[in-house]
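Have a go at each task before you read its solution.

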Amino acid sequence: MRARWQQLRAKLRQLGPGLITGAADDDPSGIATYSQAGAQFGYSMLWTVVFTLPLMTAIQAISARIGYVTGRGLAANIRRSFPRPVLVTVVGLLVLANTLNIAADIAAMGEALRLVFGGPAQAYAVGLGLLCFLMEVFLPYRRYVAVLKWLTLVLLAYAAVALGLRLDWSEVLARTLWPRLALDREALLMVVAVFGTTISPYLFFWQAAQEVEERNGHAHGEPTPAQMRRHLRRIRWDTGLGMAFSNLIAFFIILATAATLHAAGLTRIETSAQAAQALRPLAGEGAFILFARGVVGTGLLAVPVLAGSAAYAVTEVLGWEGSLSLRLERGRGRGFYAIIGAATGGGVLLGFTAADPVRELFWAAVLNGIIAVPIMAVTMLLATRRPLMGRYVLGAGLRRLGWAATAAMTAVVLALAASSVG
């Protein structure tokens, strides 16, 4: 028994980039999108998070594999393997999507605090944006990772909400496996949003970069074949658990809003206050507090990931030194942290618009879904190049799943485009 416990503890200590990436996936944009999916379509959108689980696990594991095997992030590998227009296009799309996503997340965090404490949401947004920036700049990388791991626990509140409801689980299972869904423009728009907030491009760049950090932090020189195999096994375990955690929470968010808001006839969530009503069966008058805790907690986790992934990509394009392990007081990483500051600050400024945070979050998810298509295709081409990956080029199983994820994302985006034209 003691040996098994020690093995489990050893496994848990290995958790890092995959778990953090999975938790960051359920950011305020994800919460808003999943809440709208449940409110608008009921149980019939549950299939999306089940369907995407193996696909997102594959594409994240592939991104992580590229980072660890090559010792370089995605942008640096694209720079070496593709013409410059491809590199500029991919990184430009990433920075655009990340900045808009940061804006939506920070605005939602500010609005969540306003629901609880009153006062101007913009003031909270500025403070939260500054906090995210300072965490990334001044916390040492290892301690920063530890903070991010603990922040993932706030997402368990959504599972508690769903499990506290009296549900007909046979109906839940039936609607998950056989959804009653007409694939019109509204439904396709929601599918693209759910796919986009689940399989988000910024997570590919973040996890690849974090695996580079892991390799640089542990390896002395080039990893041996035995070390490489051990770390690739760790990547599979870490990524699989992180993505399962992410989609399980997403499933519960859709389930809770379907069983409360949709059942009560509230099928359009226009404000954060309406989204918080899904938590009332568990929290009563404290629903706003529980909602704010979830939004702010996941936002504090996701905003640094969004800004950090943009910084990794841009510094790799420019050939600058970029790492969360760099310390400003030693005169290193100024360009890297300047990009983090610019992305976070740009997001804060964009948050001063008149648009409702819930709609901003939803459209950020749709944009991520559209942008993911070319970035996923480029990632797959990288991972299947033997000159780049050597003996660790993708095997048949992971290659099929990765291309299946790319094809699925492409199909729903094209279907949405066709429905919009028609």
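Are Phe-251 and Phe-252 buried or exposed? Both Phe-251 and Phe-252 are buried, where buried means under 20% relative accessible area, exposed over 50%, and partly exposed in between (1.4 Å probe, protein chains only).

Before going on, some ground rules. This is a predicted model, in which local features need pLDDT of at least 70 and side-chain atom pairs count only at pLDDT 80 or more, while totals for chains, interfaces and linings use all residues. Residues are numbered from 1 along each chain as its sequence is written, and side-chain values use heavy atoms, with hydrogens and water left out.

**Exercise 1. Classify the ring pair of Phe-51 and Phe-195, and say where its two partners lie.**

Step 1: start with the search. Across the whole structure, eight aromatic pairs are found. Rings of Phe, Tyr and Trp (its six-membered ring) pair if their centres lie within 6.5 Å; planes under 30 degrees apart count as stacked, over 60 as edge-to-face and the rest as tilted.

Step 2: apply the cut-offs. The ring centres of Phe-51 and Phe-195 are 6.0 Å apart and the planes are at 20°, so this pair is stacked.

Step 3: Phe-51 belongs to helix α4 (residues 46-70) and Phe-195 to helix α11 (residues 185-198), so the pair links distant parts of the chain, 144 residues apart. Helices here are DSSP runs (H or I, at least four residues), numbered from the N terminus.

Step 4: Phe-51 has a relative accessible area of 40% and is partly exposed, whereas Phe-195, at 2%, is buried.

Step 5: Phe-251 and Phe-252 have ring centres 6.2 Å apart and planes at 80°, making an edge-to-face pair.

**Exercise 2. Which residues do ring pairs link into a cluster, and which ring has the charged end of Arg-385 over it?**

Step 1: the cluster consists of Trp-206, Tyr-312, Phe-336 and Tyr-337, joined by ring pairs.

Step 2: the charged end of Arg-385 sits over the ring of Phe-82, 4.6 Å from the ring centre. The test is that NZ of Lys or CZ of Arg is within 6 Å of the ring centre and within 35 degrees of the ring normal.

**Exercise 3. Describe how α9 packs with α16, and how α11 packs with α18.**

Step 1: know what to look for. Two packed helices are described by the angle between their axes and the distance between the axes. Axes are lines fitted to C-alpha atoms, for helices over the stretch in contact, and angles run from 0 to 180 degrees between N-to-C directions. Angles under 35 degrees count as roughly parallel, over 145 as roughly antiparallel, 65 to 115 as roughly perpendicular and the rest as oblique.

Step 2: take helix α9 (residues 156-163) and helix α16 (residues 287-318). Their axes are 9 Å apart, at an angle of about 140°, and α9 and α16 are therefore oblique to each other.

Step 3: list the contact (heavy atoms within 4.5 Å). From α9 come Ala-157, Tyr-158 and Val-161; from α16 come Leu-290, Phe-291, Arg-293, Gly-294 and Val-295. By class, that gives six nonpolar, one polar and one charged residues. Ala, Val, Leu, Ile, Met, Phe, Trp, Tyr, Cys and Pro count as nonpolar, Asp, Glu, Lys and Arg as charged, and the others, Gly among them, as polar.

Step 4: turn to α11 and helix α18 (residues 357-383). Here the angle is about 80° and the axes lie 7 Å apart; α11 and α18 are therefore roughly perpendicular.

Step 5: sort the residues. Those of α11 in the contact include Leu-189 and Met-190, and those of α18 include Phe-362 and Trp-363. This contact has eight nonpolar, four polar and no charged residues.

How values were computed. Helices (H or I, at least four residues) and strands (E, at least two) are DSSP runs, numbered from the N terminus.
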